[in-house]
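Please open the structure in a viewer and keep the selection tool at hand.

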Amino acid sequence: MNATFVLLDLRRITRNWSAMFFTAVLPTFFYLIFGATVDAKGADIGNGNVAMYVMITMAAYGAVLAATSVSANAAVERVQGWGRQLGLTPLADSSFVAGKAVVAMSVAAIPVALTYALGVATGARGSATAWALSALLALAGSSVFAVYGLLVGTAFQSEASAGAASGSIVVFAFLGNLFVPLSGGLLAFAKFTPLYGYAALARYPLTEGWLTDGSRDPLWLPIANVVVWTLVFGALATWFVRRGRERQ
Amino acid sequence: MTTTPLPPTGSSGSPAVELRSLVKTFPARRGSGRPAVRAVDGIDLRIEPGEVVAFLGPNGAGKTTTLDVVLGLTTPTSGTAEVFGRAPRQAVVSGQVSAVLQTGGLLRDLTVRETVRMIASTYAVHTPVDEVMARAGLEPLADRRVSKCSGGEQQRLRFALALLPDPRLLVLDEPTAGMDVTARRDFWDAMHADASAGRTVVFATHYLEEADSFADRIVLVAGGRVVADGTTAQIRARASGRIVSATLPPVRAAELVAQLRTLPGVGSVEERGTRVVVAASDSDAVARFLLAAGGSDLEIAAAGLEEAFMTLTTASATARTSTTDTTDTTDTTDTTDTTDTTDTTDTTDTTDKELVG
C-alpha cells in the first residue's frame, strides 16, 4: 500500500466541496429533517427508537453514494488517460485497486461518522450492539456499490457517467425503502431492488427485521438480496472492464 | 513487484529498443461494421543507446501504437519488442523507460506539485520532486491546479513526470501537438536543457521541422510500416530529386497528367488549378516532356524534406513501390539502411528551406 498516493488522492476528493456536499452533508441534513425533528422520533423500534432508524438509513445512503461516486470517477479517470499515465509507472493494477478501495471506504466513512455523531446529539437511542453493528454493516455493504460505480463508470466512460451513477442511487434509495416508508405492492417490489437488502441489513441489528407496516423480513431476505446484486454487479463490471481492455 | 528496482546491469550492450516483425491489429468492432485495422504492419527497428530518433509520419501511420508497444501499454499481435534487452513492462517497472504521452491524462483537480508527488510515490527510487520540477520549469506553477494550466504547461508537467525515474530511454509521443510556436520552443528548450549525456530519446511527430532540428535519425512511418530510415540528409535525398511544375494547355490537361504518371522516375503528380506539380528524379526529362506538350511557365525547384515526406508516404499509401519499403528484403538497391551513407551523390540541394508542416 502506497500511503502517499492514497493520502493525496483522498485529499483531492474530499476538497471537492460540491461532491462532498451531496455525499456527506446532504444525508446528515436528511436525517435532521426525517429523523431528529419528527414527532415520532422517540417512538420505540426494536432495540432503539425511530430517530436511530432514520439515522442508520441516512448513514447507509451517504456511504453508498460516496462509494459509488469515488469508484465511478476512478473508472472514468482511468479510461480518460490517467490509466495510461499510471501505465508508465511501476504501480501495479492490484495496488491501484487496493488504494482506491481504501479511498472509497474512507470517504464512505465520512457521512456515517457525521450522521452517527449528530444522532448521538439529537436523541437517537439504541443498544450498544445496534450502534456498532449497524455502522459496520453500512460501511462494509457500501463496497458492493463501489463495484456498481466501477461498472457504470467503465460502461459509459464519460464524466457524466459518474453523475448518472450517483443519480441512480437516489432512485434506488426511493425504491429500496430508504426515504419514504413503503407498503403494499410497492414494498413487495422494493425487496427486489439493489438498495433494499443493504439498508435492511444495516438496520437489522436495530429492527430485527420488523418493518414500519408491521410485517417482518426474515434475515435471509436482505442477505439474499445483497448476495444476488453483488453477483450481478460483479459479473457486469467484469464484462465491461474486459470489453474496455480489448478495445485498446 | 511494485517496488523492487531491477538492477540496470545485465542489459548493457543491448539496444535501447529492438522491434522484430512487429504487427498490431485491432479487431473489428461487433455491430459497427468497422473492419479490422492493421495499425502496425511488420516493423523492424533497432535503436542504439544514446540515439535521438524522430518517428515521423502522418496521422494514423501507426506511430502511437508502435510506441505503446515499446512502453508495454499494449501487447503486439505478433512479433517481439524489447527495451534494453527485456520485456517493455519490465523496463518500465525498473524505471529504465518513461514517456510523455499525447493522450496521457492528468487529474484536473490535483495541483502540479501534488501530481508530481503522486507519480513519484509509485517509484521505489526517483529523482527528487523539486529537481524535476525545476528542470521542467514548473516552479512558478507548483500550487496551480492542473485544470488551470495551459496545454503547454500540462505538457511540461508530463515531461517532469517522465523525468522522475531518470530513464535511460525517453519516449515522447507528439509532445508539442496543439501548442503554439512559443510553447513549442519552450518545450524543446526544456528538452535541450535536460540533454543528459547518453539518454536515448524517441519522439513521434508530424512536424518536419522538429524532426529535422532535434533528431539525429528519422524513421519515416506510413501505413504501419517503416518507409524510410536514415539521417535528415539521407531522407531528403530519398525524395525524387526535384519538383517540376508548369501550366498545362487546358484542353489536353487530363491526358497529359495521365501520361506524366507513366514517365520513368516520376514520384507524384499533383494538379493545382491549371498547374501540374511533378516530383521526379529525372527533372530534365519531365521538363522536356512538359515543354514539348505545350506547357508554359515552367519551374524547377529542389525538393525539400516536405516533398520527401510526401513522396515517401504517398507512395506507400497507394501502391507500396519497391523503392520505399524497408521490409522488402529483395530491394537491396535502395538506401533505406541507416548504415548506408554512400548515397550522397544525389543532386538535391540541401540548403533549401524546409516548409513547416
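Begin with chain A by selecting helix α3 (residues 50–87) and helix α8 (residues 194–207), whose axes come within 10 Å and cross at roughly 145°. Axes here are lines fitted to C-alpha atoms, for helices over the stretch in contact, and angles run from 0 to 180 degrees between N-to-C directions. Helices (H or I, at least four residues) and strands (E, at least two) are DSSP runs, numbered from the N terminus. The model is a predicted one, in which local features need pLDDT of at least 70 and side-chain atom pairs count only at pLDDT 80 or more, while totals for chains, interfaces and linings use all residues. Residues are numbered from 1 along each chain as its sequence is written, and chains are lettered from A and ligands numbered from 1 in the order in which they are written.

Next, display the side chains at this crossing. On α3(A), the contact is made by A:M52, A:Y53, A:I56, A:T57, A:A60 and A:V64; on α8(A), the contributors include A:L195, A:Y198 and A:R203. Two residues are in contact if their C-beta atoms, placed from the backbone, lie within 7 Å. The residues of this contact comprise 10 nonpolar, two polar and one charged. For this classification, Ala, Val, Leu, Ile, Met, Phe, Trp, Tyr, Cys and Pro count as nonpolar, Asp, Glu, Lys and Arg as charged, and the others, Gly among them, as polar.

Now select the interface: 24 residues of chain B are in contact with 20 residues of chain A. On the chain B side, α2 (88–93), β5 (97–100) and α3 (112–120) each supply at least two residues. Which of these elements gives the most? It is α3(B), with four residues.

Then show chain B as a whole, which has 11 helices and 13 strands. Colour domain 1 (17–234) and domain 2 (240–303) of chain B separately; these bounds come from an automatic or database domain assignment. Their centres, taken over C-alpha atoms, are separated by 40 Å.

Finally, select helix α5 (residues 151–163) of chain B. Of its 13 residues, 10 are buried (20 or more other C-beta atoms within 10 Å of the residue's own, placed from the backbone), so α5(B) is largely enclosed by the rest of the structure. Among the buried residues are B:E153, B:R156 and B:F159.

How values were computed:
Buried ≥ 20, exposed ≤ 12 C-beta atoms within 10 Å, placed from the backbone.
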